[in-house]
Amino acid sequence: MNHINGDKYNFLMDIIFTPLSWVSRTAISVMDFMRIHGLMKTDESPLPLISVGNLTYGGTNKTPFVEMLAEYAVNRGVKTGIVTRGYTGRNKDVKIIRNGEGKRDDAGDEPLLLSRKLPDIPVAIARHRIEGVNALKDSGIELVIADDAFQHRSLARDCDIVLIDAMCPFGSGKLAPAGVMREDVNALSRADIVVLTKADMAEREELEALREHVREYVPDERIFTSVLKHDGWLMFGMNEQPKTGMKVFAFSAIGSPESFRRSIRDYGLILSGEKHYRDHHRYTNIELERLCALAGSNNTDAMICTEKDLYNLPEQFKWNLNMPLIVPRVRAVLNEPERFFSSLNECMKPEIIIASNGYGEDAIGVMLAKKLKRKLPESNISAFPLVGKGDAYSQAGFEIKSAPSVTPSGGVVKYSLRDLLGDMRAGLLKHVSAQLRDWKKISGRIRTPVCVGDVYLLLHTLWGSGSRPMFCATAKTVYLSGHWRIERAIINRFTLRTWTRDDESAKQLGKRAVYSGSPIMDLLYEDDIHEHLKGNVILLLPGSRKRACDDVKLILDAVKIIAKNESRFRMVLAPTLPLEEFFDSCRALGWNVIDDELIHDDIHIELTSEPIARAVDGVKILLGLGGTANQLCAGLGIPVVSIDEKGKRVQKKLLGDSEILVSADANVLADTVIHVLNDEALYEAMSMAGVQRMGKPGALDDIVNYACNNLGWSVREDVYVKLRG
């Protein structure tokens, strides 16, 4: 009859709770989608952080595993702390405990247990774990282990370790409240390392079947097993060690009482009776008196509980000497420790990625990558260019993580609907899809990305990586109509910090934006800061995209006219130019390519592929059809003459009086260059306007300092080196 009633009760509970688990699954799916695409806030940890968690409620040996990890890190000279939410503790503020000192009401049972077993390691209890991490940082900690944090995805982590109970991996497979699952098994795909705990208690066939199941989500080389080993006894009211055959009465308030029951038998003890409570249950005096009476009626030699249960006993309770209490001490032991810690150390290696979308932006990204590499030589620094093949990064020795996007326009089109349609016919949408897939491959392994470019790049990075980036806003300033209201909202909502090109733009964007120098001008000082020396050279910039092959006629025809004044000429060839096609265009116009010169009759044009920072030495004026390069020259006080078209009119808003735009006519271009050179007052006014508009360098150094100090990239690398040994 009781069995029938129990079945009816379980059936009723299933009817009630199963729909609730469906609601839970839907809510988790929605939040997971938002997390994957960066739409929910994630707190960037200022310290390297290892998360230890599970998929189910209770019973996977997290506490001894955290203890083992902490001891490993400390033994390698890493100042280590633990952060936990402190379930069942009542303290609302951040509290750091040491040496097991503290009250159960404030801390909770597991933090007190960890603190007592790890007396030199601070344990921070915080409802908001990021506050606990910050408190540990302030106390001089270098590495944080987050207890039970796999589902706490608002806190960024460097390594996610998931523990699975080999005896009862997923319960019924249902989500709470209908089952014990916190989220579906496919969440394991987020894990960096999976450990099957209590491996010695499971049947060999069952363990292999579980491992095979986990392989669907995690590579086999990142799956490990562990066991609990007996590590001595704590004894109350008993002077000698427990002996084989001793009868014990067990009580516990843990997530997996079955494993506790099996361990008692493994100790050679006889179980005379047992009583279980829900996890973290706090015992009352009356309950303990009843337990003692129940144990006594079974002719028991002693009572037995877990170490965690000790912290849930009432402080004022005094044990009856006729009923001793014994408590087994346990420790987690890995079956393949060397392989596990090798995998952990590799996981802790800092991964930094720089995203950019344009030739000029790539150049800035390369310089930023070099600065970061000098500061963080042990970190992996890679690039994610959205436009082109990322040649600038490859030539500098940085790995490219994105699929190439080579289109007829040479970039993300902003000014021409015709060019946009041409790019789409050439596969632009396929390129974007491929790059989003590439983000997915590295999502979760990289720390905060750095974006160099515009808001489109920011959104692309956010959606693809799920991480809120640092943003170097090179595309817009208040001089270029400023950022739209929607752009300002996106920047303020979805970036950690934004660096602008001028102080006025920082003020427009608000509290998350700073001006510490122009990232454009940083391009001029890769090696060392030098003063631009003016001479009599006229610099020619045909541009960095394929259309330069057509535009070069305009420039070369203007050169023929200007050359009558016996001027010197130098042409900068961008690395993205298709050189053979470009030179063919020059030859078709009657120019010869000999060594490093273009020659026509008595006119010689020096050819160089050097960066603008070096190519400008001795330059007096620029005849330029470029973008970023035009701006760099203006910032050095070199007057700019260019053609009047939509894109250049936008640039004119930035460069102001330092640039003159004229019609696309060789005679007009030549006459304007000659006029500026001959009008000393006009020349000086244009020179001063460029310097004022473009500002000073310094943004990239500030980005590096912010990342290393505020976001903890320096300490991450230090910890990685110590753990690696």
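Reader: Where does Thr474 lie?

Author: Thr474 sits in the loop that links β17 (470-473) to α16 (485-494). Helices and strands here are DSSP runs numbered from the N terminus (helices H or I, at least four residues; strands E, at least two). Please bear in mind that this is a predicted model, in which local features need pLDDT of at least 70 and side-chain atom pairs 80 or more, while totals for chains, interfaces and linings use all residues. Residues are numbered from 1 along each chain as its sequence is written, and side-chain values use heavy atoms, without hydrogens or water.

Reader: What makes Thr474 count as buried or exposed?

Author: Buried means under 20% relative accessible area, exposed over 50%, and partly exposed in between (1.4 Å probe, protein chains only). Thr474 has 3% relative accessibility, so it counts as buried. Leaving aside neighbours within four places in sequence, Thr474 is in contact (heavy atoms within 4.5 Å) with Glu361, Ile364, Val452, Gly453, Arg501, Pro519 and Ile520.

Reader: Which strands form the open sheet, and which are its edge strands?

Author: Its 7 strands follow the order β15-β14-β13-β16-β17-β18-β19, with parallel pairing. The edge strands are β15 (399-400) and β19 (513-514), because each of them pairs on one side only.

Reader: How do you know that β18 and β19 pair?

Author: Two strands pair if DSSP finds at least two bridges between them. Strand β18 (residues 497-499) has 2 bridges to β19, in the parallel sense, so the two strands pair. In one of the bridges, Thr498 has Ala513 of β19 as its partner. Helix α11 (residues 359-375) packs on this sheet and touches β13 (351-356), β14 (380-385) and β16 (450-453), while its direction makes about 160 degrees with that of β13.

Reader: Why are α11 and α26 called oblique?

Author: Angles under 35 degrees count as roughly parallel, over 145 as roughly antiparallel, 65 to 115 as roughly perpendicular and the rest as oblique. The axes of α11 and α26 (residues 699-710) cross at roughly 45 degrees and come within 10 Å; the two helices are therefore oblique to each other. Their contact brings together Ile364, Met367, Leu368, Lys371, Leu372 and Lys375 of α11 with Leu700, Asp701, Ile703, Val704, Asn705 and Cys708 of α26. By class, this contact holds 8 nonpolar, 1 polar and 3 charged residues (nonpolar: Ala, Val, Leu, Ile, Met, Phe, Trp, Tyr, Cys and Pro; charged: Asp, Glu, Lys and Arg; polar: the others, Gly among them).

Reader: And why do α2 and α10 get the label roughly perpendicular?

Author: Helix α2 (residues 62-75) and helix α10 (residues 337-347) pack at about 75 degrees, with axes 13 Å apart. That angle lies in the perpendicular range, so the label is roughly perpendicular. Phe65, Leu69 and Tyr72 of α2 meet Phe340, Phe341, Leu344 and Asn345 of α10. These residues divide into 6 nonpolar, 1 polar and no charged.

Reader: What makes the phi of Lys198 and of Asp595 worth a look?

Author: Most residues other than glycine have a negative phi. Lys198 has a positive phi of about 55 degrees although it is not a glycine, and Asp595 likewise has a positive phi of about 55 degrees. Lys198 lies in the loop between β7 (193-197) and α6 (204-214), and its 3% relative accessibility makes it buried. Asp595 lies in the loop between β22 (592-594) and β23 (597-600); with a relative accessible area of 73%, Asp595 is exposed.

Conventions
Axes fitted to C-alpha atoms, helices over the stretch in contact; angles between N-to-C directions.
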